[in-house]
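These notebook entries record what I looked up in one structure.

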Amino acid sequence: MPIAVDIDVMLARRKMSVGELADRVGITPANLAVLKNGRARAVRFTTLAALCEVLKCQPGDLLRWEADDAAGG
């Protein structure tokens, strides 16, 4: 998927665990893991906003687009 998720980078920068982030955002650790590992098909803006609020970052710090070389682009 051409959208890469960098939640793990922000977790390391903030010295925060997945469990703590999930608790503070109000989602399950399992759902956060799905998002963090890039397996999510969608993310709600409310969840993205909560992640940004807790991690004190911008959406672009968590999500980035990567060109898909296989598509010839």
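**Entry 1: a pair in helix 2**

I looked up Glu20 and found it partly exposed, at a relative accessible area of 35%. I use buried for under 20% relative accessible area, exposed for over 50% and partly exposed for what lies in between, with a 1.4 Å probe and protein chains only. Arg24 is likewise partly exposed, at 44% relative accessibility. The side chains of Glu20 and Arg24 form a salt bridge, with 3.4 Å from N to O. I count a salt bridge where a side-chain nitrogen of Lys or Arg is within 4 Å of a carboxyl oxygen of Asp or Glu. Because Glu20 and Arg24 are four residues apart in helix 2, about one helical turn separates them. Helices (H or I, at least four residues) and strands (E, at least two) are DSSP runs that I number from the N terminus.

**Entry 2: basis of the values**

I note that this is a predicted model, in which local features need pLDDT of at least 70 and side-chain atom pairs count only at pLDDT 80 or more, while totals for chains, interfaces and linings use all residues. Residues are numbered from 1 along each chain as its sequence is written, and side-chain values use heavy atoms, with hydrogens and water left out.

**Entry 3: the other salt bridges**

How many salt bridges does the rule give? The count is three. I found Arg64 bridged to Asp6, the closest N and O atoms being 2.6 Å apart. This pair joins distant parts of the chain, since Arg64 belongs to strand 2 (residues 63-65) and Asp6 to the loop between strand 1 (3-5) and helix 1, 58 residues apart. Asp6 is buried, with a relative accessible area of 13%, whereas Arg64 is partly exposed at 37%. Arg64 also meets Glu66 in a salt bridge, at 2.3 Å from N to O. Glu66 is partly exposed, with a relative accessible area of 36%. Side chains of opposite charge can pair when their charged atoms come close.

**Entry 4: the nonpolar core**

I next searched for nonpolar cores, each a set of buried Ala, Val, Leu, Ile, Met, Phe, Trp, Tyr and Cys residues joined through side-chain atoms within 4.5 Å. The largest has 19 residues, and Ile7, Leu21, Leu51, Leu55 and Leu62 have the most contacts inside it. Helix 1 (7-14), helix 2 (18-25), helix 3 (29-36) and helix 4 (45-55) each supply at least two residues of this core. Which helix gives the most to this core? Helix 4 does, with six residues. In soluble globular proteins, nonpolar side chains tend to be buried together.

**Entry 5: helix 4**

I listed the buried residues of helix 4 as Thr47, Leu48, Ala50, Leu51, Cys52, Val54 and Leu55. They pack against helix 1, helix 2, helix 3, helix 5 (59-62) and strand 2. Leaving aside residues up to four places away in sequence, Leu55 touches Met10, Leu11, Arg14, Met16, Leu21 and Leu62; contact here means heavy atoms within 4.5 Å. Lys56 follows helix 4 and has a positive phi, near 55°.

**Entry 6: helix 1**

Ile7, Met10 and Leu11 are the buried residues of helix 1. They lie on the same side of helix 1, because they cover an arc of only 105° around the axis, taken from the directions from the helix axis to the C-beta atoms. The face turned away from this buried side carries the exposed residues Ala12 and Arg13. The buried residues of helix 1 pack against strand 1, helix 2, helix 3, helix 4 and helix 5. Just after helix 1, Lys15 takes a positive phi of about 55°.

**Entry 7: cysteines**

I searched the whole structure for disulfides (cysteine sulfur atoms within 2.5 Å) and found zero. Cys52 is in no disulfide, and the nearest cysteine sulfur, that of Cys57, is 4.3 Å away. Cys52 is buried, with a relative accessible area of 9%, and Cys57 also counts as buried, at 9% relative accessibility.

**Entry 8: the record**

The unreviewed UniProt entry places "domain: HTH cro/C1-type" at residues 13-62. UniProt positions are in the numbering used here, feature names are shortened, and annotations may be inferred rather than shown by experiment. Over residues 13-62, I read 66% helix and 0% strand, with the end C-alpha atoms 12 Å apart.
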